[in-house]
Amino acid sequence: MAEAAGRSGRDPSLVSLVAVSKTHPPEVIRNAASLGITVFGENRVQEAERKIAELPVKDLGLEFRLIGHLQSNKAKLVPGLFQWVESIDSVKVARALSTRFSEADLTCEVLLQLNSSGEQSKSGFESTDALLAAAREIVALPALHVRGVMTIGPFVSDTEAIRRAFMQTRECFDRLQQRVGSPSVDTLSMGMTDDFEIAIEEGSTEVRIGSALFGGRGSYA
Ligand SMILES: *Cc1c(COP(=O)(O)O)cnc(C)c1O
């Protein structure tokens, strides 16, 4: 991460790490926490719920971020588990989330997900214009703080295609910052194990790394 930041003349301390613990058991999170990693990404609400129940979250100072698609009917499970939801892909789910956080007297930091690869199988807003239109409504929701944009790069070997997707997402992030105001919109979440260096070169402020830290897919579900 530091090398990639250095190559593009960026301050390495401006790029943070979300350790993606999905499919791995709570012990893996404990071990990572003992090495100083405190921010974890999970992609399924119920898997995270069971895992978090087994961890001394407060004592270890852990923070969890939801990075997978959220259905509105599961929004009620999110307060108390996740401090961030990085995968907002509709106004509907944002509204449901805001209602549930308000009821719990909590607030939630959110990222709006852009489908920068155009792949049908991926969630996220279809275009920057669609994302910005939704943002206009989402920023008005009382319990949510819009912090930026998240994307998953295309799963291809063509690094230029990956770079283009990240450049497009960076542009979307810049436009969101102009619309909403830059002190509060400060997070551009892009980059995973196979493409985090390109993402950092293109301006990512947060990478989400799973397999490079924890090995391949675990069996915890
Ligand atoms: C699994 C996952 C990651 C981490 O992927 P790795 O390639 O294992 O680093 C990052 N972001 C999202 C949304 C994921 O689902």
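Rings of Phe, Tyr and Trp (its six-membered ring) pair if their centres lie within 6.5 Å; planes under 30 degrees apart count as stacked, over 60 as edge-to-face and the rest as tilted. By that rule, the structure holds 1 aromatic pair.

The model is predicted, so local features need pLDDT of at least 70 and side-chain atom pairs count only at pLDDT 80 or more, while totals for chains, interfaces and linings use all residues. Residues are numbered from 1 along each chain as its sequence is written, and side-chain values use heavy atoms, without hydrogens and water.

**View 1. Helix 5 packs with helix 6.** V91, A94 and R95 of helix 5 contact A134, E137 and I138 of helix 6 (heavy atoms within 4.5 Å). These contact residues divide into 4 nonpolar, no polar and 2 charged (Ala, Val, Leu, Ile, Met, Phe, Trp, Tyr, Cys and Pro are nonpolar; Asp, Glu, Lys and Arg charged; the others, Gly among them, polar).

**View 2. Helix 6 packs with helix 7.** Helix 7 covers residues 159-180. The angle is about 30°, and the axes are 10 Å apart. Helix 6 is therefore roughly parallel to helix 7.

**View 3. Charges sit over two rings.** R65 lies over the face of W84, 3.7 Å from the ring centre. The charged end of K122 sits over the F155 ring, 4.0 Å from its centre (NZ of Lys or CZ of Arg within 6 Å of the ring centre and within 35 degrees of the ring normal).

Definitions and conventions:
Axes fitted to C-alpha atoms, helices over the stretch in contact; angles between N-to-C directions. Helix = DSSP H or I, 4+ residues; strand = E, 2+ residues; numbered from the N terminus. Parallel < 35°, antiparallel > 145°, perpendicular 65-115°, else oblique.
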